[in-house]
Amino acid sequence: MKAPRIAGGELNYAGIGATEDGMPPEGSDCLVTQAYLGDGEAAYRRAVQGLLTWQLHRRAGLRVRAESDVVLPGTRVVSGFGVGPFRINAPCEVVWVRRPVPGGGPQSAGFGYGTLPGHPVRGEEAFEISLDAQGLVLITVTAFGGPANWFYAAGSAVTARARRLVTSRYVRSAQELAAGVN
C-alpha cells in the first residue's frame with residue numbers, strides 16, 4: 001500500500017516545467033536572481049549536494065517536510081515560514097531535476113518545483129547551480145507566477161517583499177554551502 005502524499009491536489013498553473021528551458025508562460029511575472037557562490041569544482045559540488053538534499057531551504061530558515069530526503073521528480077514538499085498561527089505553508093511538487101555530471105568542466109545542476117493547492121502563489125520556482133569554464137560557481141533562482149487568490153493579490157506588496165527576503169536567504173544559504181560552512 002502506498003503512503004499518503006504530504007500534499008494533495010495537482011499542479012495548478014500554466015507552463016509546467018518552463019523553468020527548465022527558461023521560457024515562462026507569456027504574460028507571467030518572472031523574477032531571475034543570480035549570485036556568485038565561490039570558485040572551483042569543490043565549491044560547486046558542496047552547493048549542489050546541499051541543494052539536492054533540501055539543505056539550501058532549511059538553511060534559509062524554512063521548515064521543510066518532503067516525501068524524500070533527496071530531490072527527485074514527482075517528490076512533494078511542504079515548506080513553511082513564519083511563526084505559530086502566522087506560519088504560511090507552501091506545498092509544491094518537483095517537476096524537473098538535473099544532477100551534476102562526473103568530472104570537471106562547465107556544467108549545472110538543480111531542480112524546479114511547481115505549486116499545489118494551498119500555496120500562496122500559482123507558478124514555478126527553480127534553483128540552478130552552475131560551474132563555468134573559468135571555475136566560477138553561481139546560483140540562479142528563477143520564479144514565475146502570480147497570487148493564488150484575492151487575499152494574496154490584495155497583499156501583493158507584502159508578498160513581493162517576502163519573496164525578495166526568502167530569495168536573499170536562499171543566496172546566503174547557497175554561499176554557506178559552497179564555502180563548506182556547517
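Predicted model: local features only at pLDDT ≥ 70, side-chain atom pairs only at ≥ 80, totals over all residues.

Entry 1: I started with Arg 76, whose relative accessible area is 4%. Since the limit for buried is under 20%, Arg 76 counts as buried. Which residue does Arg 76 pair with in a salt bridge? I found Glu 93, with the closest N and O atoms 2.9 Å apart. The two sit in distant parts of the chain, 17 residues from each other: Arg 76 belongs to strand β3 (residues 76-81) and Glu 93 to strand β4 (residues 88-98).

Entry 2: I counted six salt bridges in the structure, so I went on to another, because a salt bridge needs a Lys or Arg nitrogen within 4 Å of an Asp or Glu carboxyl oxygen. Glu 41 and Arg 45 join their side chains at 3.0 Å, N to O. Both lie in helix α2 (residues 41-51), and because they are four residues apart, about one helical turn separates them.

Entry 3: Arg 172 and Glu 176 form a salt bridge at 3.6 Å, N to O. These residues are four apart in helix α5 (residues 156-179), so the spacing is about one helical turn. Arg 172 is partly exposed at 37%, and Glu 176 is partly exposed at 25%. I then saw that this pair belongs to a network of salt bridges that also takes in Arg 59.

**Entry 4: the nonpolar core.** How many residues make up the largest nonpolar core? I get 32, and the ones with the most contacts inside it are Phe 111, Tyr 113, Ile 129 and Ile 139. Elements giving two or more residues include β1 (29-39), β5 (107-115), β6 (121-131) and β7 (136-147). Helix α5 contributes the most, with six residues.

**Entry 5: around Phe 111.** I set aside the neighbours within four places in sequence and looked at what else Phe 111 touches. Its contacts include Leu 51, Trp 54, Val 71, Val 94, Trp 96 and Phe 127. His 57 and Glu 125 are also among them.

Definitions and conventions:
Residues numbered from 1 in each chain as written. Heavy atoms only, no water. Buried < 20%, exposed > 50% of the residue type's maximum accessible area, 1.4 Å probe, protein only. Core = buried A, V, L, I, M, F, W, Y, C linked by side-chain atoms within 4.5 Å. Contact = heavy atoms within 4.5 Å.
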